[in-house]
Amino acid sequence: MSRFAVESSCLPATPDALRALIEQRRAVRRFLDEPVADEILRDCLEQAVLAPNACNLQPWSFQVIRDPELRRRLVPVCLGQNAARTAPVLIAVLARPDTWRESCAAIIEQWPEPQVPEKIRDFYQRTAPFQYNQGAFGLRGLFKRVLYAFVGQRRALMRQPNSHAEMRLWAVKSTALAAQNLMLALQSHGLATCPMEGFDEVRLRKVLEIPRRAVPIMLLAVGRAAENGVYNPRLRFPLEQRVSWH
Ligand SMILES: Cc1cc2nc3c(=O)[nH]c(=O)nc-3n(C[C@H](O)[C@H](O)[C@H](O)COP(=O)(O)O)c2cc1C
């Protein structure tokens, strides 16, 4: 077995237990007026950041909002949604297309072995900066697009991201996976969540002092579900409408 295998003390999740957790999670829009312990939030955030992510650059950040005054200010920002109004905790989930450079350095600095393998050092010092640096006004990205269009005629290439817009998409993919981990981890503690994209982004940025290039992808309302917290029965389309098998 590889020396990096999962520690044997970790029990594998059984299919039934995982299915139950996934099925139990619903978008909950009303919460009980009960605080959530910081240790639980911390435990869940630790699980959130175990999500798979692009090049392990972990392009996300989270703001955990417990302060009642700040939460009160966020209610109108969330357009008065009941979830925002009643949740004892809100978590702003931010995609961070702007942190790849410091993450490259941090990976080398914090490498969990005495020696950083040469391949790793090379990747984070040369390959990743080539991939992710789009340059002033995206000009390096534009150059890469032209280069890839030319070279790509002869061989398969990874062609993206090569613009600031594609960097945002790049970061959002990984961050959405972390958000789902976070929701399931909270669910495993018997807590409920509501992911919300229904907010005024301009006002949210002001209230939370979100860095200019960060992308707030959702606000999570977190707490213990009130009895009438789920509004509708679950509806999902049959797999046949959404899955093709090849
Ligand atoms: C990106 C995203 C944004 C969402 N925004 C809101 C929102 O602003 N308000 C809300 O009440 N629910 C919101 N939801 C919850 C969805 O409406 C809900 O997940 C969907 O209806 C399916 O229901 P279920 O999660 O209970 O299975 C959002 C979900 C996602 C993933």
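Which helix does Arg 168 lie in? The legends below start with that residue and then move on to some charged pairs, all in a predicted model.

**View 1. Arg 168 and its positive neighbours.** Arg 168 is found in helix α8, which covers residues 164–188. Together with Arg 101, Arg 140, Arg 212 and Arg 213, Arg 168 forms a positive surface patch. Arg 168 counts as partly exposed because its relative accessibility is 40%.

View 2. Arg 72 is exposed, at 51% relative accessible area, while Glu 69 is partly exposed, at 40%.

View 3. Asp 122 pairs with Arg 126, and their closest N and O atoms are 2.9 Å apart. Both residues belong to helix α6 (residues 118–132), where 4 residues, or about one turn, lie between their positions. Asp 122 is partly exposed at 34% relative accessibility, and Arg 126 is exposed with a relative accessible area of 59%.

**View 4. A salt bridge with a buried partner.** Asp 98 and Arg 96 form this salt bridge, their closest N and O atoms being 2.9 Å apart. Arg 96 counts as buried, because its relative accessibility is 13% and the cut-off for buried is under 20%. Asp 98, at 23%, is partly exposed.

**View 5. Stepping back to the whole structure.** In total, a search finds 8 salt bridges. An unreviewed UniProt entry lists residues 22–224 as "domain: Nitroreductase". Over that stretch the chain is 49% helix and 13% strand, and the end C-alpha atoms are 17 Å apart.

Note on methods
Residues numbered from 1 in each chain as written. Predicted model: local features only at pLDDT ≥ 70, side-chain atom pairs only at ≥ 80, totals over all residues. Heavy atoms only, no water. Patch = residues over 30% accessible without salt bridge, like charges linked within 9 Å, V, L, I, M, F, W, Y side chains within 5 Å. Areas by Shrake-Rupley, 256 points an atom, 1.4 Å probe, with all protein chains shown as cover. Salt bridge = Lys/Arg side-chain N within 4 Å of Asp/Glu carboxyl O. Lys, Arg positive; Asp, Glu negative; His and termini not counted. Charge placed at Lys NZ, Arg CZ, Asp CG, Glu CD. Helix = DSSP H or I, 4+ residues; strand = E, 2+ residues; numbered from the N terminus. Buried < 20%, exposed > 50% of the residue type's maximum accessible area, 1.4 Å probe, protein only. UniProt positions renumbered as here; feature names shortened; annotations may be inferred.
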